[in-house]
Amino acid sequence: MKPTDTDSVDWRSESASAPDVTTRERLREVYDDQIRTPLLVAWADWRTRLGFLIIGGYLLMALVAVLGLWREPSTSQAPRYLMLFENMNYPLGTTASGTDLAALIIHSTPDILLMITAGAVWATAVAVAIGTVAGYKGGSVDRALMSFSDLVMAIPGLPLVIILAVTLNPENPILLGVVINISYWAGLGRSLRSQVLTIRENDYVEASRTMGVSTPRIIVKDIVPNLMPYVTVNFVFAARYVMFASVGLYFLGVLPYSTQNWGVTLNFAYSGGALFSWSAAHWLLAPMVAIMGLSLGLILLSQGLDRVFNPRVRTRMSGESSSTASDDDAGVTEVL
């Protein structure tokens with residue numbers, strides 16, 4: 001019997017390569033959707049680029065401090081009251097005690113970054129967890145969680161932080177960030193709950209619920225992504241609040257002076273008369289500029305990253321990328 005064309009086909013090779021193709025396509029899809037497109041969307045905004053540049057500068061200062069690439073601040077290490085760029089060995093000048101201002105700013109940066117990151121992560125994570133669960137579940141769960149949030153909001157924030165700071169005397173910057181934002185999550189959690197009440201009525205959420213998808217998966221896959229623009233902005237606000245509050249508490253002397261902080265530098269500058277003397281003005285301006293620069297970098301970065309979670313922008317960017325790729329393929333075909 002003469003073999004037919006069908007008999008000569010090796011189906012095993014096709015079936016063996018099919019899973020490889022499927023896996024490769026799946027990985028490419030994940031890469032395009034989760035990495036490439038968000039980076040293109042974010043980088044297309046000048047605010048993102050400038051924000052990354054500013055935050056990168058502070059990360060570089062923190063790395064310099066951690067690796068010990070700049071001298072530790074100490075008294076009598078340089079002439080007193082050097083002005084800005086008067087001596088390039090001490091580019092930011094010196095204090096009344098002959099301490100290098102650049103060393104003070106640089107060696108304060110790691111603790112500041114740890115502090116604001118810990119405080120922002122704590123406040124945002126608790127708010128997202130409570131707000132999404134309360135809004136999605138409703139009923140008695142909603143009432144219990146929102147009653148607890150209202151109770152936390154009723155407690156005066158600054159007096160509570162001062163009492164906890166005096167009682168715990170926290171020196172660890174991570175613990176200090178959490179203490180400062182101990183009640184910050186309450187208002188954000190209630191705002192997120194209000195948005196979840198609307199999102200849970202969407203068709204795709206109802207479809208997931210009908211198919212028997214678990215509640216945690218619905219919250220993570222269907223609800224939280226729609227909250228990300230709001231969450232990103234409030235994450236930055238929480239970080240800025242930690243920075244401003246810590247500087248203020250250090251300036252007032254509520255927190256211990258055992259670690260370097262820009263608030264401590266401001267306190268010493270004010271006590272040393274820098275507010276009324278031009279020769280010591282740089283002592284006051286250096287930490288103020290450092291605070292303003294970090295705040296500006298966080299704001300610009302949040303505004304740029306907000307585009308990443310905007311579905312209209314991402315869809316447009318994906319369409320442009322796909323059309324570009326199609327044009328390139330067409331050009332190659334014509335050449336061949």
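R209 counts as partly exposed because its relative accessibility is 31%, where partly exposed lies between buried, under 20% relative accessible area, and exposed, over 50% (1.4 Å probe, protein chains only). E206, at 36%, is also partly exposed. E206 and R209 form a salt bridge, with their closest N and O atoms 2.3 Å apart; the term stands for a side-chain nitrogen of Lys or Arg within 4 Å of a carboxyl oxygen of Asp or Glu. Both residues belong to helix α8 (residues 203-210), three residues apart, about one turn of the helix.

## About the model

This is a predicted model, in which local features need pLDDT of at least 70 and side-chain atom pairs count only at pLDDT 80 or more, while totals for chains, interfaces and linings use all residues. Residues are numbered from 1 along each chain as its sequence is written, and side-chain values use heavy atoms, with hydrogens and water left out.

## The overall picture

The chain has 12 helices and zero strands; these elements are DSSP runs numbered from the N terminus, with helices being H or I of at least four residues and strands E of at least two. Of its 336 residues, 39% count as buried.

In total, the rule gives six salt bridges. One of them joins D100 to R71, with the closest N and O atoms 2.7 Å apart. Both residues lie in the loop between α2 and α3, so the pair ties together parts that are 29 residues apart in sequence. Is D100 buried or exposed? D100 is buried, at 0% relative accessibility, whereas R71 is partly exposed at 32%.

Another salt bridge links the side chains of R190 and D150 (3.0 Å, N to O). R190 sits in helix α7 (residues 185-199) and D150 in helix α4 (residues 139-154), so this pair ties together parts that are 40 residues apart in sequence. R190 is partly exposed at 27%, and D150 is partly exposed at 36%.

## A buried threonine

Now let us look at helix α3 (residues 101-137), where T109 is found. T109 is buried, with a relative accessible area of 0%. Leaving aside residues up to four places away in sequence, T109 touches Y58, M61, A62 and W262; a contact means heavy atoms within 4.5 Å.
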